[in-house]
Amino acid sequence: MEHTDFDQKWRFWPVICLALLYPINNSLIALAIPLYFFRQGVDVRMIGLIVAGAAMTYCFSPLLFKNIGDKIGRKSSVTIALLGTSLAQLIFYFTLDPIIFLVSRLAEGLITGLFWTNLQSSISDNAFQNHNRQLSRFNFGWNFGILSGFLIGALILYIIDDLKIIFFAAPVLVFVATFISLLFFQESQKYNVDTVDLDRISGHSNSNYNKSKDYKIPKILPILLVTSFAFAKGSINILYPIKSEIIEFEPYTVYLLSAFSLITQLISTTFSSYLSLNSLKKAAVICLTALLVIFFFFGINTDFFIFAILYLLMGFFAGILISFGIKLSLMQNVKYQTSKYSNIIESSLGLTFLITPIFAAYLASIDLTLAFFAISVGFAIYLIIALILLIDLQMEKI
């Protein structure tokens, strides 16, 4: 079979569907957790543990399963992850006891270690695909999924003021994703990128491949970028719902503001996939500086419309950071013909989503405003490290 034939026949749409459905499920549950358990009178520190539950195991599971995808294939790995998540979330239909809920989330985080890394690697495995275009569509998929989850959550809670219905509805999305994975997900074909003329065979210049061969990328840089994104999202997902309850905003408005954030995040992640590395390097510094200021204002503000503006800005700047980080990790995957760099950044994301809610919840139990200020200081530290990496350790040509 000709390489070009395979390139044309490889189905990319199941990747987009899975990247869309799983985040809808996750975003519905993520905001329902602090709202529901805070109303149940559960201690804030325990809520922090529940919010971070999936991240507790996800912070190491991508590395634990790093060789599984190469051995059993991307399709089998993704399908096993979705089946495991389905089983973990079945518990929601029986009980929402905090301890049992936490155990369910721990199991889900563990099995998810097979999902995102293999979904991303299905793109980088095939050297004959246009990675910039597919990364843009992939970023659009998971961002639109999170956005859809927030909008669905806002609509449900606007119509029915019962947070339990979120936990009953969300698992259905995972069941549908499992069905798509079983029937339609397709393996991409690995080729030795050093033995082929990519421009001649695929009919386009694979810019991710070319740039990954021309540049030396500091290994810590993608980690810094994706964890700064997780630091922003992990903290706001627990701190703002609590502040919203204290100010006595309606629960659906938490989902609504999160949807605003995802609109700008979707735009920035989709289009920043096409930016040059030099442009993204400058943008990273601007984004980290902006997030520092944004979280400071989250701490002192009580006006709903100002919160809406802050959410819009946060989504835009955080989106650029994770898009840049994923792009660099995929470039490294292509260069070294591996999937380990996707595993590394996914574990880094999991670790950050583990630490941040627990840390933020602990500070919130002391003083909520202090917690927002501490996150702002955290971004100042991120900024300093980024300046060192992007200036003193530039991505110099080999």
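1. The crossing of helix 2 and helix 7 is left-handed, meaning the near helix is turned anticlockwise from the far one by less than a right angle. The residues touching here (contact is heavy atoms within 4.5 Å) are Leu-18, Tyr-22, Asn-25 and Ile-29 of helix 2, plus Val-78, Leu-82, Thr-85 and Gln-89 of helix 7. Sorted by class, that makes 5 nonpolar, 3 polar and no charged residues.

2. A word on what you're looking at: this is a predicted model, where local features need pLDDT of at least 70, side-chain atom pairs count only at pLDDT 80 or more, and totals for chains, interfaces and linings use all residues. Residues are numbered from 1 along each chain, and side-chain values use heavy atoms, without hydrogens and water.

3. At 6% relative accessibility, Thr-112 counts as buried (under 20% relative accessible area, 1.4 Å probe, protein chains only). Its side chain reaches the backbone oxygen of Glu-108 at 2.5 Å. Leaving aside neighbours within four places in sequence, Thr-112 is in contact with Tyr-22, Tyr-58 and Thr-85. Tyr-22 and Thr-85 also belong to the contact of helix 2 with helix 7.

4. As for the whole chain, there are 19 helices and 0 strands (DSSP runs of at least four residues for helices, at least two for strands). Of the 398 residues, 61% count as buried.

Definitions and conventions. Nonpolar A, V, L, I, M, F, W, Y, C, P; charged D, E, K, R; others polar. Buried < 20%, exposed > 50% of the residue type's maximum accessible area, 1.4 Å probe, protein only. Polar contact = N/O pair within 3.5 Å; in protein donor to acceptor, adjacent residues only side chain to side chain.
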